[in-house]
Amino acid sequence: MALRMWASSTANALKLSSASRPHLLPPFSFSRCLSTVLDGLKYAESHEWVKHEGSVATIGITDHAQDHLGEVVFVELPEPGGAVSKNSGFGAVESVKATSDINSPISGEIVEVNTKLTETPGLVNSSPYEDGWMIKVKPSDPSELESLLGPKEYTKFCEEEDASH
């Protein structure tokens with residue numbers, strides 16, 4: 001409250017008014033910014049991404065997901081050598097707000113796990129598409145990738161999902 005009163009009195013003293021500048025955003029307003037969606041990736045409606053290169057697919061959670069989760073404080077991941085099934089959980093992400101399951105967008109064998117996330121779970125926030133990847137999978141049915149969303153479709157999906165909340 002004190003900050004709002006200070007801002008108002010400062011604006012009055014400086015003779016600032018959003019009414020006199022309708023082309024500018026009103027003072028102290030926040031615009032909603034879109035999360036980063038990368039070309040070359042496939043996306044699940046459960047907010048995981050897949051980057052398929054050769055015989056391996058890298059999986060992580062999207063920028064949109066990490067943004068909604070807030071600061072990630074713990075990541076639970078499976079061991080290499082296990083299997084994942086499409087739309088089934090393989091781990092969890094715990095943030096200061098909630099714990100969320102991570103689902104696999106495709107089926108296959110886990111060939112690598114990002115062990116850096118054990119010591120530095122915040123990589124999911126700071127670098128969801130690079131350093132914050134979670135698992136690498138050898139797909140058992142590469143055609144499952146075709147059912148995932150492209151960047152434009154995923155962006156539209158997120159906009160519609162956010163508008164409904």
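**Entry 1: a charged pair to start**

For a salt bridge I want a side-chain nitrogen of Lys or Arg within 4 Å of a carboxyl oxygen of Asp or Glu. I noted Glu160 as partly exposed, with a relative accessible area of 47%. My terms here are buried for under 20% relative accessible area, exposed for over 50%, and partly exposed in between, with a 1.4 Å probe and protein chains only.

**Entry 2: what kind of model this is**

I remind myself that this is a predicted model, in which local features need pLDDT of at least 70 and side-chain atom pairs count only at pLDDT 80 or more, while totals for chains, interfaces and linings use all residues. Residues are numbered from 1 along each chain as its sequence is written, and side-chain values use heavy atoms, with hydrogens and water left out.

I looked up the confidence next: the mean pLDDT of the protein chain is 83, and 79% of its residues reach 70 or more. The pLDDT is the predictor's confidence in each residue, from 0 to 100. Over residues 1-33 the value is below 50, and beyond near neighbours in sequence this stretch has 6 contacts in the model. A contact means heavy atoms within 4.5 Å.

**Entry 3: the whole chain**

How many helices and strands does the protein chain have? I find 5 helices and 9 strands. Both are DSSP runs numbered from the N terminus, with helices (H or I) of at least four residues and strands (E) of at least two. Read along the sequence, the pattern is α-β-β-β-α-β-β-β-β-β-α-α-β-α.

Of the 165 residues, 36% count as buried. I also checked contacts between residues at least 6 apart in sequence, and 63% of them join residues at least 24 apart. The accessible surface comes to about 10,200 Å², of which 53% belongs to carbon and sulfur atoms. That area comes from the Shrake-Rupley method with a 1.4 Å probe.

**Entry 4: back to the charges**

The count comes to 2 salt bridges. Apart from the pair in my opening entry, I find Glu53 and Lys51, whose side chains meet at 3.8 Å, N to O. Side chains of opposite charge can pair when their charged atoms come close.

**Entry 5: rings**

I moved on to the aromatic side chains and found 3 aromatic pairs. Rings of Phe, Tyr and Trp (its six-membered ring) pair if their centres lie within 6.5 Å; planes under 30 degrees apart count as stacked, over 60 as edge-to-face, and the rest as tilted.

Tyr43 and Tyr154 form a stacked pair, 4.6 Å centre to centre with 10 degrees between the planes. Tyr43 lies in strand E1 (residues 42-43) and Tyr154 in helix H5, so the pair ties together parts that are 111 residues apart in sequence. Both Tyr43 and Tyr154 are buried.

Trp49 and Tyr129 have ring centres 5.8 Å apart and planes at 55 degrees, so I list this pair as tilted. Trp49 sits in strand E2 (residues 48-53) and Tyr129 in the loop between helix H4 (123-126) and strand E9 (135-139), so to speak distant parts of the chain, 80 residues apart. Trp49 and Tyr129 are both buried.

I also saw that ring pairs link Tyr43, Tyr154 and Phe157 into a cluster. Elsewhere, the charged end of Lys136 sits over the ring of Trp133, 4.9 Å from its centre. For that label, NZ of Lys or CZ of Arg must be within 6 Å of the ring centre and within 35 degrees of the ring normal.

**Entry 6: loops**

Which residues have a positive phi without being glycine? His47 is one of them, with phi near 75 degrees, and Asn87 has a positive phi of about 70 degrees. His47 is in the loop between E1 and E2 and is buried, with a relative accessible area of 12%. Asn87 is in the loop between strand E5 (83-84) and strand E6 (89-95) and counts as exposed at 57% relative accessibility.

My last stop was Pro78, in the loop between strand E4 (72-76) and E5. Leaving aside neighbours within four places in sequence, Pro78 is in contact with Phe90, Ile110, Val113 and Ile135. The C-alpha atoms of Pro78 and Phe90, 12 residues apart along the chain, are separated by 6.4 Å.
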